[in-house]
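This report describes a structure chain by chain and then turns to the interface and to selected residues. The sequence and the structure are shown first.

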Amino acid sequence: MSSKTIIMFSGDLDKAMASLIIANGAAAMGDDVTIFFTFWGLNVLRKAQKIKVKKDFMEKMFGAMMPRGAGKLRLSKMNFGGAGTGMMKSIMKKKNVSSLPALLESAQAMGVKLIACTMSMDVMGIKQEELIQGVELAGVATYLGEADNANVNLFI
Amino acid sequence: MADKHINARGLQCPGPIVELFKVAKAAEAGDMIHIEVTDCGFGKDINAWCKKTGNELVSLEETEGVIKACIKKC
């Protein structure tokens, strides 16, 4: 059995879709898959609902300005204040493409390991309670350890 | 040896191989898995999937936009 690692750096909808489709595909090929979510990518793992946690002013600002979860991400291009993203989502739905939250759920069900970067969490003031269930918290060494055993590594 | 059927019509990539993987995982060696897919990339993908997972592609045909594949679990 081989394994794949993906670094989810971006918090853009289109890029996150690409990551999760590759992750689901790799898992379906029988591979071990690890996705390391860092910086803007951390937002993909946030719960949709607002969670009450203790934050300082800057952390609150960050939390409010960034998309809360996989369902709130925007396209990297042609967003047009959200209209483009809405249009893309409706086309994808019509064409029966799985939504990002559904892809995330499917990935978890197939055993794809989701790791949240603790340094990014600290910088952006994202607390563990704000992340979806089943996410592991770790640093770069954990990711590198997984990458050592993988034959494909993507930075998205 | 059992026959298993998957209707993956309408599913987009990677839906068909995800469904196939789930069924193949639960199947026993020698079981035949029949899958119907409308995603046109599947015709090529199924070859790669079988090669990678070590299962045997017994037949592959396409009629009127529907790809039908038969896979033997090895």
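Contact means that heavy atoms lie within 4.5 Å.

## Basis of the report

This is a predicted model, in which local features need pLDDT of at least 70 and side-chain atom pairs count only at pLDDT 80 or more, while totals for chains, interfaces and linings use all residues. Residues are numbered from 1 along each chain as its sequence is written, chains are lettered from A and ligands numbered from 1 in the order in which they are written, and side-chain values use heavy atoms, with hydrogens and water left out.

## Chain A

Chain A contains six helices and five strands; helices (H or I, at least four residues) and strands (E, at least two) are DSSP runs, numbered from the N terminus. The order of these elements from the N terminus is β-α-β-α-α-α-β-α-β-α-β. With a radius of gyration of 15 Å, close to the 15 Å that the globule rule gives for 156 residues, chain A is as compact as a globular protein of that length. Here the radius is taken over C-alpha atoms, and the globule rule is 2.2 Å times the number of residues to the power 0.38. Along the principal axes, the C-alpha atoms fill a box of roughly 45 × 40 × 25 Å.

Of the 156 residues of chain A, 44% count as buried, a term that means under 20% relative accessible area, with exposed over 50% and partly exposed in between (1.4 Å probe, protein chains only). Among contacts in chain A with a separation of 6 or more, 75% join residues 24 or more positions apart. The chain carries 19 positive and 13 negative side chains, and the centres of the two sets lie 12 Å apart. Lys and Arg count as positive and Asp and Glu as negative, without His and the chain ends; each charge is placed at NZ of Lys, CZ of Arg, CG of Asp or CD of Glu.

## Selected residues of chain A

A:Met124 belongs to helix α5 (residues 118-124) and is buried, with a relative accessible area of 2%. Leaving aside residues up to four places away in sequence, A:Met124 touches A:Phe39, A:Trp40, A:Leu42, A:Glu59, A:Phe62 and A:Met66. A:Gly63 is 61 residues from A:Met124 in sequence, with a C-alpha to C-alpha distance of 7.3 Å.

The loop between α2 (57-65) and α3 (83-94) holds A:Met78, and A:Phe80 is also placed in the loop between α2 and α3. Neither is a glycine, yet phi is near 55° for A:Met78 and about 45° for A:Phe80. A:Met78 is exposed at 57% relative accessibility, and A:Phe80 is exposed at 65%.

## Chain B

Chain B has two helices and four strands, which follow the pattern β-α-β-α-β-β along the sequence. Its radius of gyration of 11 Å is close to the 11 Å that the globule rule gives for 74 residues, so chain B is as compact as a globular protein of that length. Of these 74 residues, 38% count as buried.

The peptide bond from B:Cys13 to B:Pro14 is cis, with omega near 0°. B:Pro14 lies in the loop between β1 (3-8) and α1 (15-26).

## Interface

In the interface, 16 residues of chain A are in contact with twelve residues of chain B. The two chains bury about 1,000 Å² between them, 68% of it on carbon and sulfur atoms; buried area is the accessible area (1.4 Å probe) that two parts lose on being put together, summed over both. On the chain A side, A:Ala28, A:Met29 and A:Asn96 lose the most area to chain B, together 47% of what that side buries.
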